[in-house]
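Q: I'd like to learn how to read a few local features in a structure. Can we go through them together?

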Amino acid sequence: MLRNVRYIILILVAVPMWQGCTGALQSSWRDFNAYFNTYYNAKTSFERGVELQEQQEITINPERPIRIHPTPRRAGLSDFEHASQKSADVIRFHPRSRWVDNSIMMIGKSYFYMQQFFSADQKFMELLATTQDPSLRQEAILWRGRAALELENYVEGINYTQSRLFSTEFEWDRRIEADLRLVIAQLLVARGEYEEAVEFIAEALPDIRSRQLEMRAYFLHGQLLESLERYDEAFEAYNRATHQSNPSYDLIYHAERKMGIVARKRGDLEWAHNHFVSMSRDDRHFSYIASIEYEIARSLQDMGSYTAARQKYEQILRRRTQPAPRETQAQIYYGMAEIYRDFYMDFNLTAAYFDSSATQGTNLEQLPVNFDAGLMSRSYGEYSRLQNEVHRLDSLLWLSELSEAAFDSVINVVRERKIAEIERQQREQRRQQMVTIADMEEVGTQADEDTDNGFLNYKNPQLMMQNRQAFQALWAARPLVDDWRRMEAVRVNIVRQLEEEGEEIEDVDQAIEKAVAPRQQMVEIDISDIPFSEEQQMETRRMIASHEYEIGNVFFTFLAMPDSAARYYRNVMRRFPDSELAPQAIYSLSELYQSSGDSTQALQYAMQLVDFYPNTIYAERMADRYDFDLVREAYVMSREDSIALQYQEIITLGLSDDRAGKLRNFAEKYPDDSQAAQALYRSVLDYIEVAREDEQYAYRINDLSTTRYIWRQEQDEFEVFRDSVRALLADSAYMAVTAELDAARGANDSEPVSLNGLQDDAPAVDPEDIPEETQDVAPDDIPEDAPDYTPGDSREDTPVQIPEEEQEGRERVDRPSDDMESEVHSPEDSLQRITYRSHLQNIVDKTMEEPDFSEWFPYEGAMWDSARVALLTLRNNYPDFPRSRIVNELAEEIDVDRVRALLVDTEKIYDCNELDERPDIEGGLDAFIQDSGFHQVIEEFETSGTVVIHVLIDKDGLPSEIHTEGEDDELGIMEALLQAVEGHMRFSTPRLTGVAVQAQCEYTIEFSYENQD
């Protein structure tokens, strides 16, 4: 009994133990099976995809903050797809496995590398909701931050990652924490918060787990410190980036280059120059040699060696091997412009070089952030234009103030210079003619020696060529002036007249020059622009003052050159004290010195303004600023002064869409003011400058340029192809063979022939289809006097072999033809057939239609629309604007018609006179009277008359409302006419700037009854 009890107790204890062991074994088996059957495969595929991603070469742009974690490339997509599928299988078939959370993480990462960032973020959120594993939770937070960076959810990403980083949820793994800090730094960089980003990178650098990430982190750290002008720290960061193991060469090069740039910025010019020279001698940098040499020249320029720098710049531009990239050329031209501005003081060449720099530097993303060649080009171009005009007006004013004797002396000097130039040209022309005539005489002598060459030596090719060259030598060098034949006739007449007068002529040229000398004194000098009258002189002085004041504004507002601006303001103040611009110039001088921190000078000019021009609004403003006692007569500012002040205040604002809008509003408010057109023009330039800063514009303009380039390439290829087809048509041997094939098909065969794709539904011609008897005789064997061959002729007695090159030419005929013409074999045969010749001729006649480039139109957006509206107003309201040519070219480039269409109210009823053209009665008035049946009314009542009708025409050209000016007649003729108009009269579509609109138009209808008896 006791033994039985023991057995029972043992069984009761053993059963739970056995059940526990069985559960543990089953769980381990599930994990083992899930790992090796599914998760292991998923992990292998994922790692292979990551390896392919890391093998992709990543090109960086050192001019913009780089990404430490690069955006995934389209590599390894099939591996990531397989990894996500296998991970999903783990979750589906092994839901109780310990690899489920890892599978969710792998699916999220796979989505991320496949650039499905939103789906990846959802997976990471799912993992955070299901797992309690601290390591997985930390990784999920890190990858959510990276997804926010790619999705450009910068604010949300910063708030989320920082809140989780500084929470007390768990103890962060140091390497994951460092990675997260780098992600936060990149989110801050995208927001422009560089100071805080620098701190996050600095805290992450000691614990970064990847050498590649560490190198990129140091480089970004250097970029941010450089932007913050912390050059010593930036230099050290770039230096650290070059000392990482197994780094990217591209990044090493840019880090070394940045070291030299930062050294130059902090004043170590000699070190920077030597550093770049050392880089230029390193064979690794051969592909970047042009850019390195630019940095050498830039260092020389900053060191003050302007001549050496200019020569180095020119040497780089002339380089044929390893030419400089466009962006480097843009920087070279920019440096040349600065040299000519700062050293040579040649602002005309400065404008030209800035213009070249702006033309080359189209991709602003590859250029420094402060690259402003476009603005500089326009500003210095405006300066150059104004300065040249000032010089011209000054010269004219100087001439007008000369005494009569001095004026005549100057005119004589100018006349003598012109005469000397004319004589020099004439002597050169005579010298050329003497040489060529001697050559002709020699050729003529040789021709006379041989009388067997036929008329004009046509039997002797060599003599024909010599005579042709002699003719060109004689006549190609004729004077390139009007009436040159008459001049030669005058020359002959002068010689004849001298001989009749008995003068002995030893030197013909000398005698002619002596005879025509008095006539040369009659060279006319245009003096119409010289301001002789006092009124003209005053207007000239006013224009000079205006131009010099504008030059001062250009230097002060756009070029940030206050010293140059002050010189021009002082010119206006001293040379033209009575000008209305003098008080403005003094006011601008005071503002200039106040902005530069020289309050003493600013106060002095303010006092001058109050003392000498107390009755101006500018004096009043200075009195208010400095609390002066303004002693002046009761002054009411005139409307002109008020408008001028408003305009002055607007143009002193910085470049922005706000200033552009204010300039446009100014022109609309004061359309009759002298500055209105200029204000509109400046608003257009401001709108365009702001619009160009949009990165989407850069993408669109690049796409348009690429598309146009491809179109031109296709055009060139098609022209080459057509030339080949023309050659086939001109080859009688080849066309004879094709005619044989046409004849072999039969006269009534309506099935078209295809030449390798000319017509889709026809079989291609096979060379084996050529009759065997045509393979015996080569084209060279065809007799020269053989009759012309036409389709349908039988030429079995003269078989022709197709040359190999022509076979290849025929195989190249591979262009579709949309409208192939057919040849009728005989007048009786109604079936038309397409021959080889017609196929080829259709290709020759075919033209490629230019594609519609509107899809890539780059000038889209609110700023461009505003620029178009301002241009429309400028063209319509100010047709005599001095820069109308530029305005018209600009309007055509950015397509003003687009805004015309936007400005048309399609629901409004327009007057007929506002339309592009008056809508026509379709078919004409006579056809309407006949087709509508109104002629029967005319005949019935034997009536004639003239009726004026008013018609409301809808967008489809249909009359919707009709009425007449007269009263209804008793016979009902008017009612019948109106019914006929409503039921039968149709009009061409009324359009305003190309847009269909409704319009109210007036038409005169004349009708008459002619008695047929």
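Q: How many disulfides does the count come to here?
A: A disulfide is a covalent bond between the sulfur atoms of two cysteines. Keep in mind that this is a predicted model. Here the count comes to one disulfide.

Q: Which residues does the disulfide join, and what is the S to S distance?
A: C912 is joined to C1001, with S to S at 2.2 Å. C912 sits in the loop between β3 and α37 while C1001 is in strand β8 (residues 998-1007), so the pair ties together parts that lie 89 residues apart in sequence.

Q: Which residues form the negative surface patch?
A: That patch is made by D916, E917, D920 and E922. Take D920 as an example: you'll find D920 in the loop between β3 (909-911) and α37 (925-931). D920 is exposed, since its relative accessible area is 51%, and the cut-off for exposed is over 50%.

Q: Where is Q675 found?
A: Go to the loop between α28 (657-669) and α29 (676-692). Q675 has a relative accessible area of 31%, so Q675 is partly exposed. Now check I643: the C-alpha atoms of Q675 and I643 are separated by 9.0 Å, and the two residues are 32 residues apart along the chain.

Technical notes:
Residues numbered from 1 in each chain as written. Predicted model: local features only at pLDDT ≥ 70, side-chain atom pairs only at ≥ 80, totals over all residues. Heavy atoms only, no water. Patch = residues over 30% accessible without salt bridge, like charges linked within 9 Å, V, L, I, M, F, W, Y side chains within 5 Å. Areas by Shrake-Rupley, 256 points an atom, 1.4 Å probe, with all protein chains shown as cover. Salt bridge = Lys/Arg side-chain N within 4 Å of Asp/Glu carboxyl O. Lys, Arg positive; Asp, Glu negative; His and termini not counted. Charge placed at Lys NZ, Arg CZ, Asp CG, Glu CD. Helix = DSSP H or I, 4+ residues; strand = E, 2+ residues; numbered from the N terminus. Buried < 20%, exposed > 50% of the residue type's maximum accessible area, 1.4 Å probe, protein only. Disulfide = S-S within 2.5 Å.
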